[in-house]
Amino acid sequence: MAQRFRGESVHKVDSKGRVSIPALFRRVLEAADPEWTSGLQPNVVIVYGGASQKYLDCYTVDAMDEVDAKISALPRGSKRRRAMERIFNGQTLPTQTDDTGRLVLPAHLREKVGITDKAYFSASGDTFQIWEPTAFEARDAAIEEFIAMEGEDFDPLTWLDEDPFRPAGE
């Protein structure tokens, strides 16, 4: 199994849009980039999506290859394929970290998601997200509220044993 992103942290964004990627995230980027070797900088694909996406979704090379393969399997010319190609090919920024492990976030991406002087990094398995910190807090509160609906003694691991095709509560 490939390495996965784990953890979350807040990092300062300088006036040029440079932000340090958490060190553990950089190791995952390196491991999931077939072209990476010691001395090179790992590649990352930033998916910024449409107007409703309020964060930057960062993919390893391997994770993006997996998405590309699934998109290619959709019927050519279908609305779903065109939408997925728009999001995952058009609304993206293929880039690399710099020699100190930072990403340069262009002004239009920072403006799109509201990032000014700080960025919140949140791991998501084979991807990670970059948020404006207060936007992340709002989204996180909604997730905590959703989990709380399950009750005080709820163990989220029970969700892993559920049949994904069976309606909840059955």
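This section describes strand pairing, nonpolar cores, aromatic pairs, salt bridges and the setting of one threonine in a predicted model.

Strand 3, residues 43–47, pairs with two other strands. Its partner strand 5 (residues 92–96) runs in the antiparallel sense, and the pairing extends over five bridges. Within this pairing, Ile46 stands opposite Leu93. The pairing of strand 3 with strand 4 is also antiparallel and covers three bridges; here Val45 stands opposite Tyr59. Strand 3 is mostly covered, four of its five residues being buried.

The largest nonpolar core comprises 21 residues, and the members with the most contacts inside it are Leu56, Leu103, Leu105, Phe121, Phe128 and Ile130. At least two residues of this core come from each of helix 1 (23–31), strand 3, strand 4, helix 4 (107–113), strand 7 (118–124) and strand 8 (127–131). Helix 1 contributes the most, with three residues. Beyond its neighbours within four places in sequence, Leu103 contacts Gly17, Arg18, Val19, Ile21, Val44, Ile46, Thr95, Gln96 and Ile130. Another core, of eight residues, lies apart from the largest one and includes Val45, Ala63, Val67 and Ile71.

Nine aromatic pairs are found in the whole structure. In one of them, Phe5 and Phe128 are arranged edge-to-face, with ring centres 5.0 Å apart and an angle of 70° between the planes. This pair links distant parts of the chain, since Phe5 belongs to the segment before strand 1 (8–12) and Phe128 to strand 8, 123 residues apart. Phe5 has a relative accessibility of 2% and therefore counts as buried; Phe128, at 0%, is likewise classed as buried. The pair of Trp131 and Phe136 is edge-to-face because the planes stand at 75°, with the ring centres 5.8 Å apart. Both Trp131 and Phe136 are buried. Phe5 and Phe128 also belong to one aromatic cluster with Phe25 and Phe121.

Side chains of opposite charge can pair when their charged atoms come close. Five salt bridges are present in the structure. In helix 1, Glu30 and Arg27 are three residues apart, about one turn of the helix, and their side chains meet at an N to O distance of 3.1 Å. Glu30 is buried, with a relative accessible area of 15%, whereas Arg27 is partly exposed at 39%. In helix 2, Glu66 and Lys70 are four residues apart, about one turn of the helix; their salt bridge has an N to O distance of 3.7 Å. Glu66 is partly exposed at 43% relative accessibility, and Lys70 is exposed at 56%. Helix 3 (residues 79–90) holds Glu85 and Arg81, four residues apart, and the closest N and O atoms of their salt bridge are 2.9 Å apart. Glu85 is partly exposed at 28% relative accessibility, while Arg81 is buried at 8%.

Thr60 occupies the loop between strand 4 (56–59) and helix 2 (61–73). Its relative accessibility is 3%, so Thr60 counts as buried. The Thr60 side chain reaches the backbone nitrogen of Ala63 at 2.9 Å. With residues up to four places away in sequence set aside, Thr60 touches Phe5, Val28, Leu29, Ala32 and Asp126.

Note on methods:
Residues are numbered from 1 along each chain as its sequence is written. This is a predicted model: local features need pLDDT of at least 70, side-chain atom pairs count only at pLDDT 80 or more; totals for chains, interfaces and linings use all residues. Side-chain values use heavy atoms; hydrogens and water are left out. Buried means under 20% relative accessible area, exposed over 50%, partly exposed in between (1.4 Å probe, protein chains only). A polar contact is a pair of N or O atoms within 3.5 Å; within protein, one must be able to donate a hydrogen and the other to accept it, and residues adjacent in sequence count only if both atoms are side-chain atoms. Contact means heavy atoms within 4.5 Å. Two strands pair if DSSP finds at least two bridges between them. A nonpolar core is a set of buried Ala, Val, Leu, Ile, Met, Phe, Trp, Tyr and Cys residues joined through side-chain atoms within 4.5 Å. Rings of Phe, Tyr and Trp (its six-membered ring) pair if their centres lie within 6.5 Å; planes under 30 degrees apart count as stacked, over 60 as edge-to-face and the rest as tilted. A salt bridge is a side-chain nitrogen of Lys or Arg within 4 Å of a carboxyl oxygen of Asp or Glu.
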